[in-house]
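Please look over the model shown below before reading on. The report then describes parts of it in turn.

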Amino acid sequence: MNAKLKKMWSDRVLYLMLLPAALFFCLFHVWPIIGMKLAFYDYRILGDDVFVGFKHFRNLFSTPVFSTVLANTLIISLMKLILIFPLPILFALMLNELVNGPFRKFVQIVSYLPHFLSWVVIAGIWFEFLSPSTGAVNEVLRLFGFPAHDFLTDKQAIRWVLVASEAWRSIGWDSIIYLAAILAINPSLYEAAYVDGANRWHIVTRIVLPHLYTPMVTIFILNVGFIMNAGLDQVLNFANDSVISKIDIIDTYVYRVGLINSQYSFATAANLFKSVIGVILVLSTHFISKKLTSKGAW
Amino acid sequence: MIAKKFTFSKLLIGIILSGFTLTVFVPIANLFAKAFSDPGKVWMLRGYEILPKGFSLIHFEVIFGNPIIGRALLNSVIITVTGTALSVFFTTMTAYVLTRKNLVGKTPIMIFLIAIMIFEPGIVQEYLVMKDLHLLDNLWSMILYKTINVYYLIIMMRFIEDIPDSLTEAARIDGAGHLTTFTRIVLPLSRVPLLTIGMFYAVYRWNEFFKSSIFLSSRDHTVLQVLLRQFVVEKDSTTLVGATNLLENNSIAQLDFSALKAATIVVAMIPILMLYPIILKYYTSGVMEGGVKE
């Protein structure tokens, strides 16, 4: 113990250098986390908050809106998870078939860009893209003889718009991990396969795909861990009165109830529920992934 | 090596990739075309066209001439630049300390960091903390918010671990303190990682709109993304053109609102496009270093 204290004393400059970080983390992480105890209290502007136990949670679980937003969150997350997951893999495989030239460069530069745009900007782009009067999508529909359609106000279509715009934003960028895994494959494997008479299809299915197994499993499992986050920034920008009932998620609900209606305690209860499930999911998926692929979330 | 001969499957792949690339490229290029079009001809521009109809900078003149937009743009720049500089410095300094060998207490610190990384307190509590700190409607709220992102800190630690111990040890033996070793040895050797996490932070800060819309409520402190959301999502056109502007300038009354929106979106994209070559160069290595999740 004495030796430890001595070492700490000799490293005192190091601990001083940690002070700013400690201050930031206490103010912007620890303090709000402690503040979540408000879920068990009634908020009072003047005087002390009143302890009410699980009252807000009982109210929360008996509110029909909450089951709707919970269902919406899971449905949207699962749609994105299952439908988008294979696309970056296919994209990387196809990109790998291209000769390394200007066309491939162009595909990469263009397809990575949306990842760096804010959801406000993407919504702006997509509103024009899907515009019933002048949008490119409806121009193409008309070309094939279909009537123009306003997808953004269609309850049946809006979740698909979320999936499509998320795919549009992430396919290119998310393919980088897979592309890197493909580029790391030892070329002598291909040569040996060709000598044995393999064709391109054999190469892809027997050599390339098995090398993508680790990143595939890791990314899939870790995405399951983030299932409670259905995409707040995206929904906030794509929502409108006609479709909100289909895409109202926990995060938008917390924002509305908590900050617009100022029901701090009730909204904190909803958020605490979400955060606890989130922690359980992230931790368990991290350890499952560590076990299967030796790679975790951090 | 791999035979690269022309086959039907290659043609198919070419078509699919071109198709996807065009669905990304055309809508973005179309917005640029709209923003630069002649106001009188904007209505002629179809959704799939990528060249402007005529040429005019009037939409940008209106935007930059609008004091509200100018102010929001300035606020965005202040938050992005100051915030990124602080973030990069403190993240690197913390990463330096946490990568020192035999640091007493490193394991509990790391557990603490991972705990606060995965436990999200949520917007209501963050709002109440900013309120208690009297930082609401103050640019500092967004500059200080998440100054150190734990995930980027872990990435930075992996970068610093790659610096050979011999270099830092040599400096220590020569009598340099930790602060000197950090500023004279580690910082100059970390150009690539500094740029990488600098890009991470800058992109995040420039694009942030949700927290800004909550913490920065008054017109004077609003940021570009929040204002843009008002035009694009809430379709609030009076702010964009400005009532006084409408009265003073007849030609503005005839401007196409969708072209003005397009021009604002273009302005919000410009810093990203300017940084894009650097982003492509360094961001990728950061993603690799950090493993699989951003």
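What follows covers the contact between two chains, the make-up of one chain, and the setting of one residue.

## Contact between chains A and B

In this predicted model, 76 residues of chain A are in contact with 74 residues of chain B. On the side of chain A that touches chain B, helix α2 of chain A, spanning residues 12–35, supplies the largest share, with 15 residues.

By residue class, that side of chain A is made up of 53 nonpolar residues, 15 polar residues and eight charged ones.

## Make-up of chain B

Chain B contains 16 helices and zero strands, and of its 294 residues 43% are buried.

## The setting of B:Lys211

B:Lys211 belongs to helix α11 of chain B, which runs over residues 210–215.

When neighbours within four places in sequence are left aside, B:Lys211 is in contact with B:Met142 and B:Tyr145. As for B:His134, which is 77 residues away from B:Lys211 along the chain, the C-alpha atoms of these two residues are separated by 16 Å.

Notes: Residues are numbered from 1 along each chain as its sequence is written. Chains are lettered from A and ligands numbered from 1 in the order in which they are written. This is a predicted model: local features need pLDDT of at least 70, side-chain atom pairs count only at pLDDT 80 or more; totals for chains, interfaces and linings use all residues. Two residues are in contact if their C-beta atoms, placed from the backbone, lie within 7 Å. Helices (H or I, at least four residues) and strands (E, at least two) are DSSP runs, numbered from the N terminus. Ala, Val, Leu, Ile, Met, Phe, Trp, Tyr, Cys and Pro count as nonpolar, Asp, Glu, Lys and Arg as charged, and the others, Gly among them, as polar. A residue is buried if 20 or more other C-beta atoms lie within 10 Å of its own, exposed if 12 or fewer, and partly exposed in between; C-beta atoms are placed from the backbone.
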